[in-house]
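Me: I have a two-chain model open. Can you show me how to read its features, one at a time?

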Amino acid sequence: MSVLAAAASTTTLVLNFGAVGYGLAAIGPGIGIGLVFGHAIEAMARQPEATGRITLYMWIGFSLTEVLALLGLVVPYIFHAS
Amino acid sequence: MTGAVAASAGSCDVFSAHLFSGCGFQAPGLQDFYFKPLFTVDGFGFTKPMLVAILCVIAVIAFFWVAFRKPKLVPGHTQSLGEMGILAVRDQILRPAIGRKGDKYLPLLVSLFFYIFLMNLMELIPVFQFPAMSKTGFVIPMVIAVYALYLYLGFKNQGAWGYISNMWPHDVPWPVLILLIPVELLRFFIIQPFTLGIRLFANMFAGHLLLSIFMLATWYLASLSIGLLFAAGSAVMVLFIFLLELLVDLLQAFIFTTLTATYIASSLEAAH
């Protein structure tokens, strides 16, 4: 009896665009951060005496790129539809 | 059975929710960033983030006051620590960006760095456990102050038209300038201060949410069943997120201060 009742009921799928939006927003910065650190490691391997300066620019580049991924986390709260 | 009883009793708050108790996982969200006032004075509610911010200000001022109250040539313990902090900001942040002529901005950068760093660290200290920089009300005045400072310095040192025209290179063909000038003006006057503030705010917001989710999940899963295994896994994740947040706190303070120094440097430099 309960199986028939369960089969007869309809389920609605609720799509949370905020979550999907964050997933899409994390693609670009994921690639970007990989590029930043990859090139920094290669540069440090080519010229180890410049490691300090390269590390400084690496962290600056990382934070500028990551802000876009974090914007994907906070923007659903800004644009919430209710 | 017990699930239905607990859910129908209507008490599904964060403390009583466990696995298999009928209440779903009470996920942290935006409501966790709003606090009831600790006390109210004439309709103005004094909340926990304000308390955290005031304590950080008092701590930073008190530390540097005590360190340099009676400076000696051979420093004692506190003065040595204070000197290490100031020299770290000067040599890693100020000198690479501005050079020796920027030494008069050292008090500003030292205050910014240690204030932001301590406010961020409050996320991890047990009793407070709230990064006050995750409320935009604490970030926006700092951004406005930095914005006003480097705009004032730019207009004073390079003249109004000189400062604005230095934002784009001059020896490019004019069809490129049609696209370049609006983009550069937009970036400079609107996007730069906006991202300076939102970088700090979003990092702290996301960090607090991450830490909250894993801590609440540890408590939620800790029922006397297979849930204890998952609760242990969640506790390990709390440790990882703790270490990550330690790095992010230091990095965000460093980045805010470095970008402030960079913007001041671009305001101070003479015309190309």
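The dialogue below goes from the chains to the helix packing and then to one residue.

Reply: Keep one thing in mind from the start. This is a predicted model.

Me: Let me begin with the elements. How many helices and strands does chain B have?

Reply: Count the elements, then read their order. Chain B holds eight helices and two strands. Starting at the N terminus, the order in chain B is α-β-β-α-α-α-α-α-α-α.

Me: Next, overall shape. What radius of gyration does chain B have, and what would a compact globule of 272 residues have?

Reply: Set the value beside the globule rule. For 272 residues, a compact globule would come out near 19 Å, whereas chain B has 24 Å. Along the principal axes, the C-alpha atoms of chain B fill roughly 75 × 60 × 45 Å.

Me: And burial? What share of the residues in chain B is buried?

Reply: Burial is read from neighbour counts. In chain B, 27% of the 272 residues are buried. In chain A, 7% of the 82 residues count as buried.

Me: How do I read contact range? What share of the contacts in chain B joins residues at least 24 apart?

Reply: Take contacts between residues at least 6 apart in sequence. In chain B, 61% of these join residues at least 24 apart. The corresponding share in chain A is 78%.

Me: How is a pair of packed helices described?

Reply: Two numbers do it: the angle between the axes and the distance between the axes. Helix α5 (residues 136-158) and helix α8 (residues 227-268) of chain B pack at about 15°, with axes 8 Å apart. Angles under 35 degrees count as roughly parallel, and α5(B) and α8(B) are therefore roughly parallel to each other. The crossing of α5(B) past α8(B) is right-handed.

Me: Which residues make that contact between α5(B) and α8(B)?

Reply: From α5(B) come B:V146, B:Y150, B:L153, B:G154 and B:N157, and from α8(B) come B:T260, B:Y263, B:I264, B:S267 and B:L268. By class, this contact of α5(B) with α8(B) has six nonpolar, four polar and no charged residues.

Me: Give me another pair. At what angle do helix α2 and helix α4 of chain B pack?

Reply: Helix α2 (residues 48-67) and helix α4 (residues 106-121) of chain B meet at an angle of about 135°, and their axes are 9 Å apart. That makes α2(B) oblique to α4(B). The crossing is right-handed. On α2(B), the contact uses B:A53, B:C56, B:V57, B:A59 and B:V60; on α4(B), it uses B:F114, B:Y115, B:L118 and B:M119. The classes in this contact of α2(B) with α4(B) are nine nonpolar, no polar and no charged.

Me: Last, a single residue. Where is B:F63 placed?

Reply: B:F63 sits in helix α2 of chain B.

Me: Why is B:F63 called partly exposed?

Reply: Count its neighbours. B:F63 has 16 other C-beta atoms within 10 Å, so B:F63 is partly exposed. A buried residue needs 20 or more, and an exposed one has 12 or fewer. B:F63 and B:S111 lie 48 residues apart in sequence and 11 Å apart in space, C-alpha to C-alpha.

Definitions and conventions: Residues are numbered from 1 along each chain as its sequence is written. Chains are lettered from A and ligands numbered from 1 in the order in which they are written. This is a predicted model: local features need pLDDT of at least 70, side-chain atom pairs count only at pLDDT 80 or more; totals for chains, interfaces and linings use all residues. Axes are lines fitted to C-alpha atoms, for helices over the stretch in contact, and angles run from 0 to 180 degrees between N-to-C directions. Helices (H or I, at least four residues) and strands (E, at least two) are DSSP runs, numbered from the N terminus. Angles under 35 degrees count as roughly parallel, over 145 as roughly antiparallel, 65 to 115 as roughly perpendicular and the rest as oblique. A crossing is left-handed if the near helix is turned anticlockwise from the far one by less than a right angle, and right-handed if clockwise. Two residues are in contact if their C-beta atoms, placed from the backbone, lie within 7 Å. Ala, Val, Leu, Ile, Met, Phe, Trp, Tyr, Cys and Pro count as nonpolar, Asp, Glu, Lys and Arg as charged, and the others, Gly among them, as polar. The radius of gyration is taken over C-alpha atoms; the globule rule is 2.2 Å times the number of residues to the power 0.38.
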